[in-house]
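Hello,

Here is the structure I promised to pass on to you. Have a look at it first, and then read on for what turned up in it.

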Amino acid sequence: MTNIERPLAISAPEPRTLDLIFSDKARAKLHSKYEVLEANPENIAGLDDDILSRARYIIGQPPLSAETLARMPALRSILNVESNLLNNMPYDVLFQRGIHVVTTGQVFAEPVAEIGLGFALALARGIVDADVAFRDGSELWGGEGNASARLIAASEIGIVGFGDLGKALRRVLSGFRAHIRVFDPWLPGSILEENGVEAASLEDVLTRSDFIFVVAAVTSENRGFLGAEAFASMRKGAAFILLSRADVVDFDALMGAVSSGHIVAASDVYPEEPLPPDHPVRSLKGFIRSAHRAGALDSAFKKMGDMVLEDMDLMDRNLPPMRCKRAERETVSRMRSKPVAVN
């Protein structure tokens, strides 16, 4: 089979790389089934008409104009392996033409949910502080070291957002017999109830929870919607765990609530990444820090490549993609998450 007979896939996966998201076996399969052209995401429009006219797939999320898309009559799908849906292409044109826009972001749900549970356990039992104290010889033994410790078991838990990550969180928390309330204005209550959680208002989630997990995507409506008033409304000593994107909170207000001793917190994401060396959160007591590493496992990245290949195979047979998550025309243009800066 010659190259010209194979469907053309334009590869522009930045900030990922093909080596990151495809195992050796999967990458060999990709190149055996497709003609793969690696391209600069910022220069798709500069490719020759012959290339654009033959392209069946784009692996990545490069900025695209309506004019560029008009030169791509064979395009069937944009396979987003960055995971955040950026407002950098005319989605209305893509939907009108029946071009699938899909994302592999669900591969991160399980690893992020697991580290979220780890944060909750560390905050509930003072694991990090106890380790530091032991290292410097100031540890407290037995009950004396548990003055502020508590159980997750049978606690009140709130989750803000109930997409793939919220559902994964519910699964990892299921053995703790906790009462879980969820606020997600994009879902009907029946879906939440079918997943074994209680549909609740944001106020109830904030005021009635011992542990609050924030896993909502950033949209045009919710940037910074958790601010000083929201943190003040939480139970004293509540644990606030931020796992999705920092833009959903007023980060200064979050640090203020922790600094005052009102709540404790953990975060894997920040307003600026990497953080400056002198950022005050680095030395904030009562705050567990993680450097945007919750989902960045090699096993998750490689699962992306497998999903992409499976969906490309389906679309080659004129079937809809089933493994990746499809963008919805009603919500895709509202997404405001920043692209990841590091792997």
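Seven strands make up an open sheet with parallel pairing, and their order is β8-β7-β6-β9-β10-β11-β12. Please keep in mind that this is a predicted model. At the edges of this sheet you will find β8 (198-199) and β12, each of which pairs on one side only.

You can find one of the contacts by picking out I159, whose bridge partner in β7 is V182.

There is also an open sheet of six strands, in the order β2-β1-β3-β4-β5-β13, and here the pairing is mixed. Which strands stand at the edges of it? They are β2 (35-38) and β13 (325-326); each has a single partner strand, so one side of each is left without a neighbour in the sheet. Within this sheet, β3 (residues 55-60) runs parallel to β4 (residues 77-80), and three bridges join the two.

Next, the helices. Helix α2 (residues 24-33) packs against helix α13 (residues 298-316) at an angle of about 25°, and their axes are 10 Å apart. Angles under 35 degrees count as roughly parallel, which means that α2 is roughly parallel to α13. The crossing of α2 past α13 is left-handed.

Rolling a probe the size of a water molecule over the atoms shows where empty space is left. The second largest pocket holds about 820 Å³ of space. It is lined by 34 residues, and the closest to its centre are R125, G126, D129, A130 and S148. Which element gives the most to this lining? That is α7, with six residues. Elements that each supply at least two residues of the lining are α6 (109-125), α7 (127-135) and β12 (287-289). By type, the lining residues divide into 18 nonpolar, nine polar and seven charged.

Enjoy exploring, and write back with any questions!

Best wishes

Notes
Residues numbered from 1 in each chain as written. Predicted model: local features only at pLDDT ≥ 70, side-chain atom pairs only at ≥ 80, totals over all residues. Heavy atoms only, no water. Pairing = 2+ DSSP bridges. Helix = DSSP H or I, 4+ residues; strand = E, 2+ residues; numbered from the N terminus. 1 Å grid on protein atoms, 1.4 Å probe; cavity = no way out; pocket = protein on both sides within 12 Å on 5 of 7 lines; lining within 4 Å. Points joined across faces, edges and corners; volume = space filled by probe spheres on them. Nonpolar A, V, L, I, M, F, W, Y, C, P; charged D, E, K, R; others polar. Axes fitted to C-alpha atoms, helices over the stretch in contact; angles between N-to-C directions. Parallel < 35°, antiparallel > 145°, perpendicular 65-115°, else oblique. Left-handed = near helix turned anticlockwise from the far one by under 90°.
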